[in-house]
Amino acid sequence: MPIPEDVTGDEIDKDVRQELQSLPKTLAEDVARNLVMVARLLDEDPEGAYGYSRVALRLASRVAAVREAAGFAAYANQKYGEALAEFRAAKRMTGNIDLWPVMADCERGLGRPEKALDMAGAPEVHKLDKAGQVEMRLVAAGARRDMGQLDAAIVTLQSPELAANSVQPWTARLRYAYADALLAAGRESEAREWFAKAVEADRDGSTDASDRLAELDGVEFVDAMAEDEVGEAQAPAPSEASMDKDEDDKDEDDKDGDQDNRD
């Protein structure tokens, strides 16, 4: 697949670069450049990212970072079975349990929320850092909702991290998930309160909490450009009589101009 000339491969994380040192130099550079493209496109063009991940996988399937990148690209394209296989391979290679929450979410995507809940209660969760544990809590709450257990989902999200006043990278998503679960359970006033708290914590716009809050407040957003287009479409076409009158006026103006030129 084509790779822009400005992509050198040096943009990748130093830990990944170190993994690629086991490969011949030219091959390592090719793999690195494809991994850079995966990272660049993962959010804005998941299909493109997936294509580059497959190239990297063909070139270096025995590199854990490549299997992980392929997993995330498959996950972004809702290819949950494929993503789970790649994450499991990366975990076997490294022994790292950081991928545990996203592996559990793949189980949800495959329609196996019970399996995701089993993983949420596994010993591996205690080895996760704080961010990983919060992510696991989000996945477990989602699994509860998949099973129609709304009250259990709400309880699952109630935690010291949710109650904390300090804003962490996971705070906005945790508050948003809690608000959404409350709303699904019909607790609208509480949901509004937590959507507002999610907005306060969402400094980089990672959620649509502000839109959800406005919706609860009855605010309707109007697309000004769309209104202009509608106005133009509804504007009455000039009648034949007015067009004839305009043509007569133009002829009269031309005659006056000719007379002025003769004078």
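Author: Let's start with the chain as a whole: among its contacts between residues at least 6 apart in sequence, 52% join residues at least 24 apart. Keep in mind that this is a predicted model. The protein chain has 15 helices and zero strands, and 37% of its 263 residues count as buried.

Reader: Why are helix 11 and helix 12 called roughly antiparallel?

Author: Helix 11 (residues 171–184) and helix 12 (residues 188–201) pack at an angle of about 165°. Angles over 145 degrees count as roughly antiparallel, and therefore helix 11 and helix 12 get that label. Their axes are 8 Å apart, and helix 11 passes helix 12 in a left-handed crossing.

Reader: Which residues of helix 11 and helix 12 meet?

Author: On the helix 11 side, they include Ala 172, Arg 175, Tyr 176, Ala 179 and Leu 183. Helix 12 brings, among others, Glu 188, Ala 191, Trp 194, Phe 195 and Ala 198. Sorted by type, the residues of this contact of helix 11 with helix 12 are 11 nonpolar, one polar and six charged.

Reader: What makes Ala 172 buried?

Author: The relative accessible area of Ala 172 is 5%. Buried means under 20%, so Ala 172 qualifies. Ala 172 lies in helix 11 and touches Ala 198, Ala 201, Asp 202, Ser 206 and Thr 207, leaving aside residues up to four places away in sequence. Also, Ala 172 and Asp 204 are 32 residues apart in sequence and 9.6 Å apart in space, C-alpha to C-alpha.

Reader: How do you know that helix 8 and helix 11 are roughly parallel?

Author: The axes of helix 8 and helix 11 cross at roughly 15°. Angles under 35 degrees count as roughly parallel, and therefore that is what helix 8 and helix 11 are called. The axes of these two come within 11 Å, and helix 8 passes helix 11 in a left-handed crossing.

Reader: What makes the contact of helix 8 and helix 11?

Author: Helix 8 supplies Val 134, Glu 135, Leu 138 and Arg 145. Helix 11 supplies Arg 173, Leu 174, Ala 177, Asp 180, Ala 181 and Ala 184. The residues of this contact of helix 8 with helix 11 divide into six nonpolar, no polar and four charged.

Reader: And what makes helix 6 roughly antiparallel to helix 7?

Author: The axes of helix 6 and helix 7 cross at roughly 160° and come within 7 Å. With the cut-off at over 145 degrees, helix 6 is therefore roughly antiparallel to helix 7. The crossing of helix 6 and helix 7 is left-handed. Trp 100, Met 103, Ala 104, Glu 107 and Arg 108 of helix 6 meet Pro 113, Lys 115, Ala 116 and Met 119 of helix 7. By type, the contact of helix 6 with helix 7 has six nonpolar, no polar and three charged residues.

Reader: Which residues touch the most other members of the largest nonpolar core?

Author: Leu 20, Leu 35 and Val 66 do, in a core of 47 residues. The elements giving two or more residues to this core include helix 1 (14–20), helix 2 (25–41) and helix 4 (64–76). Helix 2 provides the largest share, eight residues. Not counting residues up to four places away in sequence, Val 66 touches Val 31, Leu 35, Ala 56, Leu 57 and Ala 60. There is also a second, separate core of 21 residues, which includes Ala 141, Ala 196, Ala 198 and Ala 209.

Reader: Why is Gln 78 called exposed?

Author: Gln 78 has a relative accessible area of 58%. Gln 78 is found in the loop between helix 4 and helix 5. Gln 78 and Gly 109 are 31 residues apart in sequence, yet 7.5 Å apart in space, C-alpha to C-alpha.

Reader: What is the phi of Gln 78 near?

Author: Phi of Gln 78 is near 60°, a positive value in a residue other than glycine.

Conventions
Residues are numbered from 1 along each chain as its sequence is written. This is a predicted model: local features need pLDDT of at least 70, side-chain atom pairs count only at pLDDT 80 or more; totals for chains, interfaces and linings use all residues. Side-chain values use heavy atoms; hydrogens and water are left out. Axes are lines fitted to C-alpha atoms, for helices over the stretch in contact, and angles run from 0 to 180 degrees between N-to-C directions. Helices (H or I, at least four residues) and strands (E, at least two) are DSSP runs, numbered from the N terminus. Angles under 35 degrees count as roughly parallel, over 145 as roughly antiparallel, 65 to 115 as roughly perpendicular and the rest as oblique. A crossing is left-handed if the near helix is turned anticlockwise from the far one by less than a right angle, and right-handed if clockwise. Contact means heavy atoms within 4.5 Å. Ala, Val, Leu, Ile, Met, Phe, Trp, Tyr, Cys and Pro count as nonpolar, Asp, Glu, Lys and Arg as charged, and the others, Gly among them, as polar. A nonpolar core is a set of buried Ala, Val, Leu, Ile, Met, Phe, Trp, Tyr and Cys residues joined through side-chain atoms within 4.5 Å. Buried means under 20% relative accessible area, exposed over 50%, partly exposed in between (1.4 Å probe, protein chains only).
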